[in-house]
Amino acid sequence: MKRKFTHLLVAGATFHACVAGAQVLPADQAGNSWFTQGQAAVQGKGAATAGAAKNVILFVGDGMGVSTLTAARIRAGQLQGQSGEEGLLSFEQYPHTALVKTYNVDAQTPDSAGTMTAMMSGLKTDVGVIGVDEDIERGDCATVAGNEVATYLELAEIAGMSTGVISTARITHATPAATYAKSADRNWEDVSDMPQAAVDAGCEDIASQLVNLEANLEARYPGVDVDGIDVVMGGGRRHFLPKDPAFNSHDAVSATEGDRSDGRDLTAEWRELYPEGDYIVDSAGFAALDTDATGKVLGLFNESHMQYEADRGNDVAGEPSLTEMTTAAIEVLDNNDEGFFLMVESGRIDHAHHAGNAYGALADTIELARAVEAARAATSPEDTLILVTADHSHVFTIGGYPKRGNPILGKVVNVGASEPALAADGLPYTTLAYANGLGFRDLGDETDSDAGYAGEPVSGRVDLSAVDTESPGYHQETIVPLASETHAGEDITLHASGPAAEFVGGTVEQNMVFHIMNKARRLIAE
Ligand SMILES: [Zn+2]
């Protein structure tokens with residue numbers, strides 16, 4: 001259905017008052033104490049630019065903690081032949097920054113599902129759940145009904161704005177999912193991932209919810225007419241295709257690409273719903289997009305996650321970069337005079353950290369900074385709020401006393417020295433390290449961080465004398481051996497440019513992101 005909702009629901013001028021009414025929000029959400037506290041923090045506070053935004057863009061660097069920002073900034077400068085420490089990533093130059101408390105309602109150190117639900121829906125919730133409040137029981141389908149919360153993306157749809165979701169992870173992964181789905185478990189990415197009892201009880205998998213957003217939203221809000229997410233780009237094709245090799249994409253890597261056990265081909269369903277749209281799977285399809293003319297894009301560029309930025313050149317049929325996807329999405333979304341909401345996730349910073357590979361994490365962080373720069377260049381700070389944040393941190397440290405300009409991926413060389421410093425065990429050590437995880441790997445030129453998962457965790461010290469720790473395949477040492485490096489619980493940052501950026505400051509709860517976006521482009525009443 002075409003978006004003419006503003007005129008269908010109510011006559012002209014009263015529309016904004018109506019949509020701005022809290023009746024658009026489920027009562028549980030509007031009355032939730034996390035929500036009301038977030039609302040109160042900005043309520044009544046004036047700023048010249050409040051309400052001035054036409055567009056809102058939220059960038060999320062998954063796992064992009066403060067140490068990641070510092071290391072990536074130094075790495076970016078050093079790649080340009082500079083010392084590195086003096087530079088700033090694009091969004092670090094924004095005038096307004098806050099520290100953000102990331103804990104979930106039931107977890108000191110959070111995950112992406114609870115944190116992104118906080119950012120998108122204005123309230124904190126439990127770890128592992130998507131688009132539902134804390135009254136949920138994780139994994140229990142029966143507790144979803146009545147606990148669903150509206151997201152900023154859904155409210156933007158209802159307001160007649162265009163909407164987009166981009167991720168380098170699977171588009172059904174926790175962070176992108178929290179923009180559009182309601183699920184008792186982040187892992188219910190397709191029907192084959194769900195317990196049969198949950199399927200029988202009527203819970204819908206996340207991929208299905210993405211394709212059915214228009215119908216689901218209209219069912220949840222009678223009288224509302226929306227047109228679905230306009231631009232979707234990321235990985236995760238396997239959750240959209242039947243478990244049958246006949247449905248493989250031309251660039252499939254697995255013998256059977258699809259995972260779905262219900263025989264549904266969601267890409268075909270999407271094309272039927274949006275015959276005017278473009279379904280694309282590779283860089284050729286991406287290059288052929290007519291961003292002025294197309295109304296809808298579904299780009300699923302990989303069976304699972306998209307490639308690490310450092311590894312992107314090795315993709316079978318080619319993939320666009322995060323910057324290219326961001327630029328194309330804005331070109332499509334800005335065709336709507338009502339404005340747009342776009343969420344862009346750099347999903348693989350987190351994955352490279354989990355694999356204990358700083359090289360990969362920093363490469364993806366630098367690419368995110370490029371994408372933000374491209375978004376700012378393609379929009380005006382007069383009418384477009386850009387927020388850049390993370391969902392949580394990682395146990396990633398910058399240590400020792402390396403001299404100025406020492407390679408950030410290198411071994412510590414002390415001030416005034418020319419050879420690596422030796423620790424009390426007589427061995428050199430690197431500036432970067434992880435407190436836990438898989439530990440040391442020397443995989444040489446390997447640019448796929450996930451190659452580190454082969455073999456057992458290696459904790460403790462290794463003789464690095466003959467190891468090139470600046471190579472893509474070097475994985476840093478660790479203390480606590482774990483099958484995967486973990487998130488960290490310290491605060492992350494929020495950077496803002498554009499209308500209502502003044503509301504970004506201090507040390508705030510993560511659900512404030514929603515309330516700040518609403519301050520920039522008001523979709524619900526204060
Ligand atoms: Zn993670």
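Thr175 is found in helix H8, the stretch that covers residues 174-180. Everything described here comes from a predicted model. In that model Thr175 has 0% relative accessibility, so it counts as buried, the cut-off being under 20%. Setting aside neighbours within four places in sequence, Thr175 is in contact with Val60, Asp62, Ser112, Met116, Met343, Glu345 and Asp391. Several of these names come back below.

Thr175 also turns up in an annotation. An unreviewed UniProt entry places the feature "binding site" at Asp62, His173, Thr175 and Glu345. These residues span 284 residues in sequence, yet no two of their C-alpha atoms are more than 11.2 Å apart, so they gather at one spot.

Glu345, another residue from that annotation, is found in strand E7, which runs over residues 340-346. With 0% relative accessibility, Glu345 counts as buried. Apart from neighbours within four places in sequence, Glu345 is in contact with Val60, Asp62, Ile166, Ser167, Thr168, Ala169, Thr175, Pro176 and Leu322. With Ser167 there is also a polar contact: the two side chains are joined at 2.5 Å.

What about the strand that carries Glu345? In E7, 7 of the 7 residues are buried, so the strand is largely enclosed by the rest of the structure. In a regular strand, side chains alternate between the two faces of the sheet. Here Phe340, Leu342, Val344 and Ser346 point one way from E7, while Phe341, Met343 and Glu345 point the other way. Strand E1 (residues 55-61) runs parallel to E7 and is joined to it by 6 bridges; across this pairing, Leu58 stands opposite Met343. Strand E3 (residues 162-170) also pairs with E7 in the parallel sense, over 6 bridges, and there Thr163 stands opposite Phe341.

Next comes the "active site", a feature that an unreviewed UniProt entry places at Ser112. Ser112 lies in helix H6 and, at 2% relative accessibility, counts as buried. Once neighbours within four places in sequence are left out, Ser112 is in contact with Asp62, Ala174, Thr175, Arg186, Asp391, His392 and His487. Asp62 and Thr175 in that list are also among the "binding site" positions in UniProt. A polar contact of 3.1 Å joins the side chains of Ser112 and Asp62.

Helix H6 itself covers residues 112-121 and is mostly covered, with 10 of its 10 residues buried. Among them are Ser112, Met116, Met119 and Met120. At the start of the helix, a side-chain oxygen of Asp111 reaches to within 3.2 Å of the backbone nitrogen of Ala113. Just after H6, Gly122 takes a positive phi of about 80°.

Now for the aromatic rings. A pair of such rings is described by the distance of the centres and the angle of the planes. The structure holds 8 aromatic pairs. One of these joins Phe35 and Phe514, a tilted pair with 5.6 Å from centre to centre and 55° between the planes. Phe35 lies in helix H4 (residues 33-42) and Phe514 in helix H17 (residues 512-520), so this pair ties together parts that are 479 residues apart in sequence. Both Phe35 and Phe514 are buried. Ring pairs also link Phe35, Tyr152, Phe341 and Phe514 into a cluster, and Phe341 is one of the residues of E7.

Lys124 lies over the face of Tyr103, at 3.6 Å from the ring centre. Lys296 lies over the face of Tyr274, at 4.8 Å from the ring centre.

That leaves strand E6, residues 297-300. Val297 and Gly299 point one way from E6, Leu298 and Leu300 point the other way, and all are buried. Strand E4 (residues 231-235) runs parallel to E6 and is joined to it by 4 bridges, with Val297 as the bridge partner of Val231. Strand E5 (residues 278-280) is parallel to E6 as well, through 3 bridges, and Tyr279 stands opposite Leu298.

Note on methods:
Residues numbered from 1 in each chain as written. Predicted model: local features only at pLDDT ≥ 70, side-chain atom pairs only at ≥ 80, totals over all residues. Heavy atoms only, no water. UniProt positions renumbered as here; feature names shortened; annotations may be inferred. Helix = DSSP H or I, 4+ residues; strand = E, 2+ residues; numbered from the N terminus. Buried < 20%, exposed > 50% of the residue type's maximum accessible area, 1.4 Å probe, protein only. Contact = heavy atoms within 4.5 Å. Polar contact = N/O pair within 3.5 Å; in protein donor to acceptor, adjacent residues only side chain to side chain. Phe/Tyr/Trp six-rings, centres within 6.5 Å; stacked < 30°, edge-to-face > 60°. Lys NZ or Arg CZ within 6 Å of the ring centre and 35° of its normal. Pairing = 2+ DSSP bridges.
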